[in-house]
Each structure stands twice: as C-alpha cells, then as structure tokens.
Amino acid sequence: MARRNISLRVIVAALMPLLGAAAAPPSLAPFITKDNFNAGNYEFARGAFPDATPEQVASWNAIKSYVHACEQDAGLAEDAQLKDIGVKAVVPRNRGYQDHLCGQVSLALPSAKAFKNWDSFQKALKRSLSYYQTYEAALTAASNAIEVDSNSENLTEQIMARIIPDQGWRYPMMGTLDTLSGVDTETSTVLQQRILMAMFNTDWDNSLWVRGILKGHGWKNIVKAGKKSSRMMWLLIQHADNDPALQVMALRQIEPLMKTGQFDKADYALLTDRVSLATVGTQYYGSQLSCQHNHYAPFSLDAKGSDPKVLDARRASMGLMSEAKYLTYLPPHC
C-alpha cells in the first residue's frame, strides 16, 4: 500500500471534535457562566501588574497559554469548515474562530496591558462603568422605540432588531469617544474595551442567526424582503468576521444576484475583500483599511493592487469611488 503523508495540522483538525477545544484554566472559572465570559473586576489579570504574587503571575501566564492554545484550536476548526465548502485557507489562524469563550478572553487581555499599575486600572474600570451603562440603556431604548419584534415571523423585523445594536455598538468607536466631555484617557481606554466586548458578543450572536437564515431561506428570499432588508442583512454578514465560512457562503449566494443586477456590485466587492483577507491574506478592491504611519490606508493588497491606477480601475468596475476619495471620509489621523 502506498504511504500517504498527512500533516499534523490535518490530523489535529480531524480529531478536534473528539478532543475538544483547549480548556480554560481554573482561575477563569469565577468569570464564566454557561460558556460566557464576563471580565468583571479583572481580578484574573492581577498577575499582569507589578507587585503581583508568584501565584498570580503563574495564573496570568496560564491564561495567556490558554488563549494561545484555544486560538490555534479554533483556527483549525475554521480551516476544517472552509475545507468542507471547498476553500483551502492559506492564512495562519490566530483568532478565536468557532470558540466564543476563547474570543471573549482573548479580547479582554489587552486591557491589562494598557496600564502601569493595578490601582489605576481598577479606578478606570470603576469610572468607565457608568458611561457604559448609560450608553447601553440608550441603545436598548432606541431598539425598543421602533417596536420591532426579534421573534416576529417577518424577516425584516428580525433583521431590524439586530441591526440597531450592530450599528449602535460601532458608533462610539468611530471617534465619538475622543471628544466625550470629562473623560480622561485611562477611563476612555477601558470604556472602549467594554464597548468592544459588547460589539464582539453582538456580532457573534448575529453570525449564528444569519447562518441559520442563509441555510434555511437563502439570499433569494432575503431579496424578496426588499432592498433595504437585503442591505441590512449584508451589514450583519460584513461584521461576521468570526465566521469566514459564513461569509463565503453568503458571497456565493450573492454572486449570481449581483450579476443580474439584483444585488449591489459595490457591496459585493466589499464582502469579497473580507473573504479574500480571511482566506488568502490579500484584498482586491482596497476596501479594508488599517492605521499605517498615523493614517488610514488599505492593507494587504495583492501585488497588482499596489498600483493606484490598477486599484482605482478595479474599484470603478464595481461602482466604488477612487481610493483617494474613499480615504477622505475617514479622520485624517488614526
């Protein structure tokens, strides 16, 4: 019998459903309820600060090791999902795909790194809470005011119930916190962390819901709900970066509709860039930006896309404005 060479990565991916994901260390147990993580007062992070006891340092190191392991495991699970739908990802995985708990803990770790000592971190946590709770209450009130029912059989109502928190948690991250009166830098840092976690949890819940809709109804039925509903659903999928396989599924359903004019070409291009970055590590239309030398700019363009003329021609073919004009809609510095 011919001998086959099978990589360890493939073997682990195949065994993952049997082995399970990396287990969270005991120090995180008080912060986990039904596989949902709530950082609370961040006592688990005490070992990241000066004057920590050896036990606290050891606990912190165990948490960091857990995050590294669970991100790798979750990445393998995502690779396996992509492979099942015919996509061979070539980008190394280091995010909490397919593991909500892992993603939550991973997102919480940078908070501790932003402070020099435990006391200043705790004060900032306390000061930020009232701002966060006030905004959360306002967002809930906005959702209630439009009187949509997330349990309605009407697809448009279901989408609207989700799009408000989807957009609402993003709004403060678009520079509005920078001018919030009376908020010092440290408090603002923790406030942003709280909002990022809420946004992450919202995106996760929406991703699971959208996956069920696409499998059960398909995009053709979403189109029947109207152009507005279709675009709101697209927004939810754009923000489902924790599930690239879902984004691939959506892109495949959208493509034939885009070709017949039933779906916007520009929106198709933006989702294409998201999928491309998640699977091959480069983008084609330059829609995804990062902060480079204190200015926003497209990142990970393919070789030809680095030529501005080529990039703008690609964008024009999909109804997108030039990259230079696109960047004028963003703050001049980041």
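A residue is called buried here when its relative accessible area is under 20%, exposed when over 50%, and partly exposed in between, with a 1.4 Å probe and protein chains only. The model is predicted, and local features therefore need pLDDT of at least 70, side-chain atom pairs count only at pLDDT 80 or more, and totals for chains, interfaces and linings use all residues. Residues are numbered from 1 along each chain as its sequence is written, and side-chain values use heavy atoms, with hydrogens and water left out.

By the burial cut-off, Cys 70 and Cys 102 are both buried. A disulfide, defined as a pair of cysteine sulfur atoms within 2.5 Å, joins Cys 70 to Cys 102, with 2.1 Å from S to S. Cys 70 belongs to helix 2 and Cys 102 to helix 3, so that distant parts of the chain, 32 residues apart, are linked by the pair. The link of Cys 70 and Cys 102 is right-handed, with 75° about the S-S bond. The count of disulfides under this rule comes to one. Helices (H or I, at least four residues) and strands (E, at least two) are DSSP runs, numbered from the N terminus.

Helix 3 spans residues 100-113 and is mostly covered, with ten of its 14 residues buried. Among the buried residues of helix 3 are His 100, Leu 101, Cys 102, Gly 103, Gln 104 and Val 105. Their cover includes strand 1 (32-33), strand 2 (36-37), helix 2 (54-84), helix 4 (118-145) and helix 6 (185-216). The N-terminal end of helix 3 is capped by Asp 99, a side-chain oxygen of which lies 3.4 Å from the backbone nitrogen of Leu 101. A polar contact is a pair of N or O atoms within 3.5 Å; within protein, one must be able to donate a hydrogen and the other to accept it, and residues adjacent in sequence count only if both atoms are side-chain atoms.

The packing of helix 3 on helix 6 has an angle of about 165°, and the axes are 10 Å apart. Axes are lines fitted to C-alpha atoms, for helices over the stretch in contact, and angles run from 0 to 180 degrees between N-to-C directions. Helix 3 and helix 6 are therefore roughly antiparallel to each other; angles under 35 degrees count as roughly parallel, over 145 as roughly antiparallel, 65 to 115 as roughly perpendicular and the rest as oblique. The crossing of helix 3 and helix 6 is right-handed. A crossing is left-handed if the near helix is turned anticlockwise from the far one by less than a right angle, and right-handed if clockwise. In contact, meaning heavy atoms within 4.5 Å, are His 100, Gly 103, Gln 104, Leu 107, Ala 108 and Ser 111 of helix 3 with Gln 193, Leu 196, Met 197, Phe 200, Asn 201 and Trp 204 of helix 6.

Helix 6 also meets helix 8, where the axes come within 9 Å and cross at roughly 125°. Helix 6 and helix 8 are therefore oblique to each other, and their crossing is left-handed. The contact involves Asn 206, Trp 209, Val 210, Ile 213 and Leu 214 from helix 6, and Met 233, Leu 236 and Ile 237 from helix 8. Thr 185, also in helix 6, counts as exposed at 65% relative accessibility.

His 239 is placed in the loop between helix 8 (227-238) and helix 9 (244-259). This residue counts as buried, at 13% relative accessibility. The side chain of His 239 makes a polar contact of 3.4 Å with the side chain of Arg 170. Arg 314 lies in helix 11 (residues 308-317) and is buried, with a relative accessible area of 9%. The side chain of Arg 314 reaches the backbone oxygen of Tyr 284 at 3.0 Å. Apart from neighbours within four places in sequence, Arg 314 is in contact with Tyr 284, Tyr 285, Asp 302, Lys 304 and Gly 305.

Most residues other than glycine have a negative phi. Asp 35, however, has a positive phi near 60°, as does Tyr 42. Asp 35 lies in the loop between strand 1 and strand 2 and counts as exposed at 57% relative accessibility. Tyr 42 lies in the loop between strand 2 and helix 2 and counts as buried at 6%.
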